[in-house]
Amino acid sequence: MNPEVIRADFPILDMKVNGQPLVYLDNAASSQMPQPVIDRLMRYHTSEHANIHRAV
């Protein structure tokens with residue numbers, strides 16, 4: 001298991017804090033989403049979300 005491959009899936013982990021790579025340790029409060037999940041949510045919210053049988 002290569003941690004750099006896993007980090008690459010999470011956009012927030014590209015950030016640097018004081019010149020050092022961000023380390024996110026607060027998964028109990030909220031988890032970060034990998035890029036494929038973010039992409040899918042964006043597709044849903046921008047082109048698929050609708051109320052069924054309303055304003056047809």
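This is a predicted model: local features need pLDDT of at least 70, side-chain atom pairs count only at pLDDT 80 or more; totals for chains, interfaces and linings use all residues.

Residues are numbered from 1 along each chain as its sequence is written, and side-chain values use heavy atoms, with hydrogens and water left out.

Start with the charges. A salt bridge here is a side-chain nitrogen of Lys or Arg within 4 Å of a carboxyl oxygen of Asp or Glu. By this rule there are two salt bridges. E48 pairs with R40, and their closest N and O atoms lie 3.2 Å apart. R43 also bridges to E48, with closest N and O atoms 3.2 Å apart. Shared partners join R40, R43 and E48 into one network.

How accessible are these residues? Buried means under 20% relative accessible area, exposed over 50%, and partly exposed in between (1.4 Å probe, protein chains only). E48 is partly exposed at 35%. R40 is partly exposed at 38%. R43 is partly exposed too, at 47%.

M33, V37 and L41 make a nonpolar patch of about 220 Å². Patches are made of residues with over 30% relative accessible area and no salt bridge; like charges are joined within 9 Å, nonpolar side chains (Val, Leu, Ile, Met, Phe, Trp, Tyr) within 5 Å. Areas come from the Shrake-Rupley method with a 1.4 Å probe; for residues, only the protein chains shown count as cover. L41 is partly exposed, at 37%. L41 sits in helix α2, residues 35–47. Helices (H or I, at least four residues) are DSSP runs, numbered from the N terminus.

Definitions and conventions: Helices (H or I, at least four residues) and strands (E, at least two) are DSSP runs, numbered from the N terminus.
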